[in-house]
Amino acid sequence: QYIPTNFTVLPLQPNGTSPVELLSGSEAPLWYGRSAQFAQPKAVFECILDTAEVSRNSTTFALAELFSLTVEDALEETTALASLAGMSYSFSPTSTGFTMSVSGYSDTLQELLTTVLETVTGGTSGGMPVP
């Protein structure tokens, strides 16, 4: 499922600068940057999920930590398989919300990202309540 078949490496930008903002003017900017040193078909998706509720008090932060551990437990089997294919993820609470990162081969990154997002949100049902 997570074993890549497409190893195409995207070209560097014409002027050689990196990264390039692909989507701006929103609360979720999108950047693209290719390593000039390591030409590998890998990608990283990172996002910050802002919610003041996490740091409202020590109880809500503890609940956020428990929520992240629940996500980790739910994804244990999936991420073990993804790890064998050179992929990884992280999901953890911060003082401003949660951070999430998914990395690996760009060919299959979307599959792992979708699995992590569905676990965090509880699928399409609106998600597990965040403390």
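Trainee: Before we start, what should I know about the numbering and the model?
Mentor: Residues are numbered from 1 along each chain as its sequence is written, and side-chain values use heavy atoms, with hydrogens and water left out. This is a predicted model, where local features need pLDDT of at least 70, side-chain atom pairs count only at pLDDT 80 or more, and totals for chains, interfaces and linings use all residues.

Trainee: OK, which pattern does the protein chain follow along the sequence?
Mentor: Helices (H or I, at least four residues) and strands (E, at least two) are DSSP runs, numbered from the N terminus. The protein chain has three helices and five strands. Read along the sequence, they give β-β-β-α-α-β-β-α.

Trainee: And what share of the 131 residues counts as buried?
Mentor: Buried means under 20% relative accessible area, exposed is over 50%, and partly exposed is in between (1.4 Å probe, protein chains only). Areas come from the Shrake-Rupley method with a 1.4 Å probe, and for residues only the protein chains shown count as cover. For the 131 residues of the protein chain, the buried share is 27%.

Trainee: On to the rings: what kind of pair do phenylalanine 67 and phenylalanine 98 make?
Mentor: Rings of Phe, Tyr and Trp (its six-membered ring) pair if their centres lie within 6.5 Å; planes under 30 degrees apart count as stacked, over 60 as edge-to-face and the rest as tilted. A search of the whole structure finds three aromatic pairs. For phenylalanine 67 and phenylalanine 98, the centres are 5.8 Å apart and the planes sit at 70 degrees, so the pair is edge-to-face.

Trainee: How many residues apart are those two in the chain?
Mentor: Phenylalanine 67 belongs to helix H1 (residues 58-74), while phenylalanine 98 belongs to strand S5 (residues 97-105). Phenylalanine 67 is buried at 6% relative accessible area, and phenylalanine 98 is buried at 3%. The pair links distant parts of the chain, and the separation is 31 residues.

Trainee: Which residue forms a salt bridge with glutamate 53?
Mentor: The rule wants a side-chain nitrogen of Lys or Arg within 4 Å of a carboxyl oxygen of Asp or Glu, and the count comes to one salt bridge. The closest N and O atoms are 3.3 Å apart, and the partner is arginine 56.

Trainee: Which elements give two or more residues to the negative patch?
Mentor: Patches take residues with over 30% relative accessible area and no salt bridge, joining like charges within 9 Å and nonpolar side chains (Val, Leu, Ile, Met, Phe, Trp, Tyr) within 5 Å. Glu72, Asp73, Glu76 and Glu77 form the negative one, and glutamate 77 is exposed at 65%. The elements are H1 and helix H2 (76-84).

Trainee: And how much area does the nonpolar surface patch have?
Mentor: Leu22, Leu23 and Leu30 make that patch. Leucine 30 lies in strand S2 (residues 30-32) and is partly exposed, at 45% relative accessible area. The patch comes to about 290 Å².

Trainee: Last one: how far apart in space are phenylalanine 7 and tyrosine 105?
Mentor: Phenylalanine 7 sits in the segment before strand S1 (20-23) and is partly exposed at 48%. In sequence, phenylalanine 7 and tyrosine 105 are 98 residues apart. In space, C-alpha to C-alpha, the distance is 8.1 Å.

Conventions: Lys, Arg positive; Asp, Glu negative; His and termini not counted. Charge placed at Lys NZ, Arg CZ, Asp CG, Glu CD.
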